[in-house]
Amino acid sequence: MDHYLAAFAAVPGHLDFARFGPPSRLVCEAAADVWGAAAAGDVDEAGEDDRAREQVERLLGMPGADVALVPSTSLGLFHVAFALRGAEVLVSRGEFPANLYPWWRAEELGILRVCDMPADHLEAPVTPERVAQALGTATTAVAVSAVDFRTGWRADLAGIREVIGDRLLIVDAIQAAGAVDLPFAHADVVIAGGQKWLRAGWGTGFVAASPRALAAMVPRLSGWTGVERSGGYDGLRHLSLPGAKHLGLTNGSPASARMLARALELIDTVGVRAVEERISARVDALIAALDAAGVVIVSPRRPADRAGIVVARWADGAAAARRARLAEHGVAVTAHGPDRLRFSVHATTALDVLPRVAELVSMPV
């Protein structure tokens, strides 16, 4: 673990990994190397797509899945939403908008139908029981976040798989990939951007799709790099490539591919479980510090139900003022509405900063 921790520059006040995870030195150097190679006329040799895809396969443990590289979670979700044939997708309105608009836009074009998952409030966790109650005879797919951005709730992927049977399970994993050891083998599609917990930087990400999911897709958003003989500029319409490669729109950034590969290789040297254990210890410490300061916590406390996110709430509507105070002391967090702050810690978070953070947010505003 020491070599893993040493790969990152110290950012002791960064408690905002659910928004952005500062990349390691290896990732930053990888990007610089690619730009240098491109400047020397070696751009065609700079990409490492295959290396990145292999690392995604190792990370997820989805036997037989095919991987495509995408620059963001949103684009990956749009690819899947627009490719599904004759689908009715069940999704909660409490999802992050990136996991809503692709389905809505596809519905507007008549590609699929969207079924809302009933709930009394947006923060209702997506549990197997709730999914089971909402399933209809026409439901062909369920879309869910592996970890909820708003509450930090960790989805029970195995339980959801059990209740949905052979329907497709589509997982937005951006708040989980690289930080939580989840059984992604239960999913048919896993999509994640790399700028958060993977710490691969912006412009990195992937879509992993099972053979069953690919069989349910048609290449509606396939571009010139998603077809056979993409370099044959003959003015003819070429056949789409097989598997996830049909998701290609244009040439991806060779720097992004190398950044993602280096980030995943670094995680692989210690394993996701070891990263998760360090994150969980820091979540424990943060919860204890906030409890001691009298701060109300509204995110899950049980390790089995949470990831790296802790959410605190105040009744005075002064979350923005508390966030500003933290920023003045070099601490970065996210404010959600007038009454909540979202803290998110990583394996590299220093334990000694957490009591001071709790002290700062508990002071009168």
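1. The largest pocket has a volume of about 850 Å³. A pocket here is an open set of points on a 1 Å grid over the protein atoms alone, with protein on both sides within 12 Å along at least five of seven lines; a cavity is a set of points where a 1.4 Å probe fits but cannot get out, and lining residues have an atom within 4 Å of a point. Grid points are joined across faces, edges and corners, and a volume is the space filled by probe spheres set on the points.

2. The model is predicted: local features need pLDDT of at least 70 and side-chain atom pairs count only at pLDDT 80 or more, while totals for chains, interfaces and linings use all residues. Residues are numbered from 1 along each chain as its sequence is written, and side-chain values use heavy atoms, with hydrogens and water left out.

3. The lining of the largest pocket comprises 33 residues, and Asp 49, Thr 225, Thr 250, Asn 251 and Gly 252 lie nearest its centre. Helix α9 gives the most to this lining, with 4 residues; α3 (49-60), β1, α4 (73-83) and α9 each supply at least two. Helices (H or I, at least four residues) and strands (E, at least two) are DSSP runs, numbered from the N terminus. By class, the lining has 15 nonpolar, 14 polar and 4 charged residues. Ala, Val, Leu, Ile, Met, Phe, Trp, Tyr, Cys and Pro count as nonpolar, Asp, Glu, Lys and Arg as charged, and the others, Gly among them, as polar.

4. There are 3 cavities of 30 Å³ or more. The largest cavity holds about 110 Å³ of space. Of its 14 lining residues, Glu 95, Ala 124, Pro 125, Val 126 and Asp 148 lie nearest the centre; the lining divides into 7 nonpolar, 4 polar and 3 charged residues.

5. The second largest cavity has a volume of about 50 Å³. Its lining residues include Tyr 4, Phe 8, Trp 197, Arg 199 and His 346. Helix α9 (residues 254-270) provides the largest share of this lining, 3 residues. The classes are 8 nonpolar, 2 polar and 1 charged.

6. An open sheet of 7 strands runs in the order β1-β7-β6-β5-β4-β2-β3, with mixed pairing. Two strands pair if DSSP finds at least two bridges between them. Since β1 (66-69) and β3 (112-116) stand at the edges with a single partner strand each, one side of each is left without a neighbour in the sheet. The twist averages 20° from one strand to the next.

7. Strand β2 (residues 87-91) pairs with β3 in the parallel sense over 5 bridges. Val 89 has Val 114 as its bridge partner in β3, and Leu 90 has Cys 115.

8. Helix α5 (residues 101-108) lies across β2, β3, β4 (141-145) and β5 (168-172), at about 130° to β3. Axes are lines fitted to C-alpha atoms, for helices over the stretch in contact (heavy atoms within 4.5 Å), and angles run from 0 to 180 degrees between N-to-C directions.

9. In helix α7 (residues 157-164), Leu 157, Gly 159, Ile 160, Arg 161 and Ile 164 are buried. These residues pack against α6 (128-134), β4, β5 and α8 (211-215). Gly 165 follows α7 and has a positive phi, near 65°.

Notes
Buried < 20%, exposed > 50% of the residue type's maximum accessible area, 1.4 Å probe, protein only.
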